[in-house]
Amino acid sequence: MPVAVARRTRRYWAAARRQWRRSLQFRVVGITLLLSATLVLAFGYTVASLISQGVLQSKINTSKDQIANGSDYAARELEGYTQADDPGLPNKLVTVAGSLANSMDVDGAAVILLRRSSGLAGSWPERDAYTVMTTPAMEPMRSQVVGSRPGIYQQIATLDVGMGLQKYLVLGARVATAGEPVELYYLLPLKAEDDLVRFVALVVTVTGIALVALLALIAAMMTRLVVKPVRVAARTAQRLSAGLLDQRMQVKGEDDLARLAAAFNQMAANLQRQIVRLEEMSRLQRRFTSDVSHELRTPLTTVRMAADLLFSSREDFDPAAARSAELLQAELDRFEGLLTDLLEISRFDAGFAALDAEPTDLVPVVRRVGERLESLAERCGVELEIETPDTEVIAEVDPRRVERILRNLVGNAVEHGEGKPVIVRLSADGSAVAVTVRDHGVGLKTGEEKLVFNRFWRADPSRARQTGGTGLGLSISLEDARLHGGWLEAWGAPGKGAQFRLTLPARSGDRLVSSPLRLVPDDARADEAALIGETP
């Protein structure tokens, strides 16, 4: 049972926390309820305390006047009794006590007259009051009464004076007589005062609860007036973000919320116009790119045939013509690559790109990329290192697209490697495969790890290139990775090189949650740890 209660409590607490985070109205009402409850509690406690103290102090003041008058009356009645062994003294004490008790007209009140040395006593009622006043608990007060300083002494105690345990106000005074002083005690029940205080506390509590509930209701109603338009605006914004560009808010009145709704609608209308305009421009741009790329294929084929003929016959030309044939061949290769990339980008933009996934061993794919770029690495003076597992690494991928991604990554690493080694690593776990390409060249500045995947972006436009790339390779690689449901990420630091990581799910359609390889290289992590004096 306790386990079930604890589980239910945790569930309710989690639901309350979730509601607190998500609902502005719930937070406002909760804060209002908490603050108002605190203020009402403090106010109620103060009022109840003041009323309780006032009632008790009034009772004490009235009772002190009564016991002072009673002391004078008792002194006059006992004036002729000078001997402690006077046979009429006990009855006289009882008579005086009864007269004083009757004069107070207080239900349950008791009066006691005592002589300490002789043990004579007169009380009303006769035995219960005497028994109470002669207990050890009342001895400190009796000592004060018979002390050297005359006066009226008081004490609040819970006593049984024949009517069960009740709270009493005990007042004591010394009666001056010709013989030994007599102690006079009034025992006044505080039941009426306690009932009054409890009634006041009940009224204050009920009023406070009603006030707090009313304040919470008012806060909920007032907050709803503000939160409801905000919620409508949020729902409308969600529909706009989902592509329903004709959604608008209802405008009611002329207040601030109405002006907010009108401004929101105006903003939505402007956004709709801009989005439609941009979509039309994007459509025209995609169509232009696709049409131009296709239209250039035919003349390019003709020019390619002529250029191949000239290139194959360059040995028969004079040196200047032979060099021109070689330059023509190189530029045609670059132009053909640009057209191929533009056609691929247009297919991605149009949503026509399809994934032909099949179980593929990535080890030979990675090695084949390294072999094809070995000649480029030699021209750039870069040592290309390929690290692959000894066993097969099988994943459901499109091998043509994966090879294109790796070719772009390794080619860029060799191009920017500054003659330093480039390391390609392949690793896998149960749910994903990853390839990292690490170079030790110029690196990337802060923020450039996102910009490198933009179309036609170059970190240093003035830098000489060995391969004459189109500027679309990484953009196409990113789209290829997304088509697989994978990640293509970059890390870099100035002077420390860069590392690109391709992570693909082992099974097509699975969702990635982690990568078998780290994005930040181990040597870079070690350098950072050394700077701050920690163990990597």
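I looked up R372 and found it exposed, with a relative accessible area of 52%; here buried means under 20% relative accessible area, exposed over 50%, and partly exposed in between, with a 1.4 Å probe and protein chains only. The model is predicted, so to speak of local features I need pLDDT of at least 70, and side-chain atom pairs count only at pLDDT 80 or more, while totals for chains, interfaces and linings use all residues. Residues are numbered from 1 along each chain as its sequence is written, and side-chain values use heavy atoms, with hydrogens and water left out.

R372 meets E403 in a salt bridge at 2.6 Å, N to O (a side-chain nitrogen of Lys or Arg within 4 Å of a carboxyl oxygen of Asp or Glu). R372 lies in helix 9 and E403 in helix 11, so this pair ties together parts that are 31 residues apart in sequence; helices are DSSP runs of H or I with at least four residues, strands are runs of E with at least two, and both are numbered from the N terminus. Salt bridges with shared partners join R368, R372, E403 and R407 into one network.

I then turned to R368, which also forms a salt bridge with E403, at 3.3 Å from N to O. R368 is partly exposed at 29% relative accessibility, whereas E403 is buried at 9%.

Elsewhere I noted a salt bridge between E183 and R142, with the closest N and O atoms 2.9 Å apart. This pair links strand 5 (residues 182-189) to helix 5 (residues 139-145) across 41 residues. E183 is buried at 1% relative accessibility, and R142 is buried at 9%.
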